[in-house]
Amino acid sequence: MIEVQNIYKTFLVPHRVQALVNVSCKIEAGEVVVVIGPSGSGKSTLLRCLNHLEAADSGKIFIEGIDILDPKTNINKLRAEVGMVFQSFNLFPHKSVLENITLAQKVVRKRTKDEYLDKAFYLLNKVGIKDKANVFPDQLSGGQQQRVAIARALAMDPKVMLFDEPTSALDPEMIGEVLDVMKNLAMEGMTMVVVTHEMGFAKEVADRVIFMDMGAIVEEGTPEHFFTNPENERTKLFLSQIL
Amino acid sequence: MNQPATIKKNKPASYYAWVGIFFLCLAGLIGALYYATIKIDYIWRWYRIPQYFIFKEKVDIRSQVDGKITEISYENGKAIIIVKTIGENKTYTVPQGDLKVSKGEYVNPGYVLAFYEKWKPGILLQGLWLTIEVSAIATLFGILIGLIGGIARLSSNPAFKWASITYIEIIRGSPLLVQIFIWYFVLGTLINTILGKYGINPIPSLWYGVAALACFTGAYVAEIVRAGIQSIHRGQVEASRSLGMTYAQSMRYVVLPQALRRILPPLAGQFISLIKDSSLLGIIAIRELAKATREVATTSLQTFELWFVCALLYLALTFTLSMFVQYLERRTAV
C-alpha cells in the first residue's frame with residue numbers, strides 16, 4: 001500500500017536539521033502502524049512526507065504504486081485518498097461542524113447535496129457528535145474538535161489515514177474518546193499510520209510499531225516484541241523513560 | 001460580561017468637572033473663531049449655502065415659428081398651446097407654469113410663450129455625487145488590484161512576486177499628487193494621442209483620476225491582504241490541502257474568508273483615506289467636492305461657510321463608511 005524507499009529530508013530554516021536519514025518502510029493495506037520516538041526524531045516529518053505536505057529531498061515514496069515524488073503525479077488527487085488528522089485539529093473556524101465535513105466533499109469529490117449530507121451525518125454519528133452539526137468549532141471541547149477532524153478526513157473515503165499526534169493537544173480526560181474512535185476505525189480495517197505517545201494505544205491496536213530516533217528508523221516489530229524485549233539500546237532507553 | 005446591565009458606578013465630582021472643562025474649551029474655541037471673523041467684518045450668510053445644493057431653475061419655452069395662438073387647453077395640470085402657422089400647426093406643452101401669452105396672440109420665433117421652474121442639483125451636490133462615484137469605482141478596482149497584488153506578493157513564482165513588489169514599492173514610495181499627474185499628463189497624453197490617431201474619442205480625465213486612485217489604493221490593499229493571508233495559521237492551508245483541495249480552492253474557501261474578516265478594519269481605514277484623497281483630483285479638472293467648493297467659494301465669496309460645509313460633507317461620507325464597516329464586522333464576527 002505504502003512503500004518508502006531511502007528518503008532523506010533536511011530542513012534549512014531556522015537552522016540546518018537532518019529530519020530524515022535514509023528512511024525505508026512498508027505499510028500493507030489494513031495494517032495499523034504506530035510510529036513512536038522522542039520529539040525531534042522525525043516521526044511527524046515522515047508522516048507529512050507521506051501526503052507530500054513536506055517533499056522528501058531524495059528517495060522514493062509509492063502509495064498504491066503511484067510515485068508521489070514524481071512531479072507529474074497529481075498530488076491533489078492523491079491527497080484526497082490519504083486522510084490526515086493533525087495535532088492541533090486545524091478545523092476551519094469560519095465554518096460549522098457540518099460545513100467542515102462537507103466542504104471537501106463538495107469541491108474535491110464533487111458530490112451531490114444528498115450524498116455529502118448523508119455521508120456527513122453518518123460520520124458525525126459514528127464519531128458520536130451527531131447533535132453538534134450546526135455549531136462552530138470554537139464551541140466544542142478539544143476532544144470533540146478532534147473527532148470532527150477525524151470525520152472530516154474520513155468523509156473523503158480515504159484509503160489510508162495518517163494521524164499526527166492526535167491526542168497530544170488534548171486534556172487527559174478527552175484522550176479516551178478520541179482513541180476510541182481510532183480503535184473502532186482500526187477494527188473496521190482502515191489502514192492507519194499513527195504518530196503518538198499513547199503507548200496503551202500502541203500495545204492494544206497496533207499491528208506493528210516503528211521506533212524512530214535522530215531521523216532514522218531504529219527498530220520495528222510487533223507490539224509484543226517491542227514492549228517486552230526490545231533489542232536496540234536506544235529503544236530500551238526510550239521505553240524505560242516513558243513506561 | 002456577566003455583570004448586570006444596570007450596574008452603576010458613581011463617578012467622582014472631578015469627572016463632571018473635567019466634562020465641563022471639555023465643553024467649555026470647545027465653546028471657547030468656536031467663540032474665539034466667531035469673534036475673530038467679526039473682527040475682520042466677515043458677514044456670515046448661511047442662508048446662501050442651500051442654493052449650492054439644490055436650486056430652482058427658470059426654464060423659458062419659446063416659440064420657434066411665426067403664427068397665431070389658436071388654442072390653449074389644460075390637461076393633467078399641463079397647459080397645451082397650439083400655434084397656427086402657414087404650414088403645420090405647432091404644439092407646445094407647458095408643465096404647470098405661468099403662461100406669458102393668451103389666445104389669439106401673434107407670436108414670432110424667440111417669443112417667450114411660457115416659463116416654468118425646475119429643481120436642479122447645485123454644484124456642491126454634483127461635486128459630492130462625483131466624489132462618491134469616483135471613490136466607489138476606485139474602491140472596487142482597488143480591492144480587485146489589491147487582492148491580486150496581495151496573492152501575487154506571496155507567490156513563489158518570481159514573475160508574479162517581483163511584479164507585485166515592484167508595483168507596491170513604486171506606488172507607496174511616491175506621492176499621490178505626482179501619480180495623478182503622471183496618469184493624466186504622461187499616460188493620459190500617450191493614450192489619448194494614440195487613440196486619436198485611430199479616430200477614437202479621447203478618454204475623459206475622470207478615468208485617469210479614477211485609475212490613479214485605484215492603483216494607489218490597490219498597493220496598500222495588497223499589503224493589507226498579504227498580511228491578512230499570512231496571519232492565517234499554516235495549519236489551515238495544510239488541513240485543506242491534505243483533503244485534496246488545490247491551492248486556489250484552499251485560498252477561496254478556507255484562507256481568504258478568514259483573512260478578509262481579519263483585514264476588514266485596516267481595509268476600512270484605507271477606503272476612508274481614499275475618499276479623502278479623491279479631493280486631489282481637482283487638479284486635473286475633475287469637479288469633485290473640494291474642487292466644486294473652491295469654484296463656489298471664489299464666485300460667492302462665502303469662503304468660511306463653504307469650506308466648513310465641505311469638511312462636514314467629507315466627514316459625513318467617511319463616518320457613514322466606518323459605521324457600515326462596523327456593522328459588517330459585527331455581522332461576520334467569528
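Reply: In strand β6 (residues 82-85) of chain A, A:V82 and A:M84 point one way while A:G83 and A:V85 point the other way, and all are buried, where buried means under 20% relative accessible area, exposed means over 50% and partly exposed lies in between (1.4 Å probe, protein chains only). In a regular strand the side chains alternate between the two faces of the sheet. The model is a predicted one, in which local features need pLDDT of at least 70 and side-chain atom pairs count only at pLDDT 80 or more, whereas totals for chains, interfaces and linings use all residues. Residues are numbered from 1 along each chain as its sequence is written, chains are lettered from A and ligands numbered from 1 in the order in which they are written, and side-chain values use heavy atoms, with hydrogens and water left out.

Strands (E, at least two residues) and helices (H or I, at least four) are DSSP runs, numbered from the N terminus, and two strands pair if DSSP finds at least two bridges between them. The partner to look at here is strand β7 (residues 160-164) of chain A, which runs parallel to β6(A) and is joined to β6(A) by 4 bridges. Within this pair, A:V82 stands opposite A:V160 in β7(A).

A second pair in chain A consists of strand β1 (residues 2-11) and strand β2 (residues 17-27), which pair in the antiparallel sense over 7 bridges. A hairpin leads from β1(A) to β2(A) through 5 residues, and A:T10 stands opposite A:Q18 in β2(A).

Chain A also holds helix α5 (residues 142-154), whose 13 residues should span 18 Å at 1.5 Å a residue, and this agrees with its end C-alpha atoms, which are 18 Å apart; the expected span is 1.5 Å times one less than the number of residues. Because 13 of the 13 residues of α5(A) are buried, this helix is largely enclosed by the rest of the structure.

For a further look at strands, turn to chain B, where an open sheet of 4 strands has the order β4-β3-β2-β6, with antiparallel pairing. At the edges of this sheet stand β4 (90-95) and β6 (106-107) of chain B, each with a single partner strand, so one side of each is left without a neighbour in the sheet. Strand β2 (residues 67-75) of chain B pairs with β6(B) in the antiparallel sense over 2 bridges, and B:K68 stands opposite B:Y106 in β6(B).
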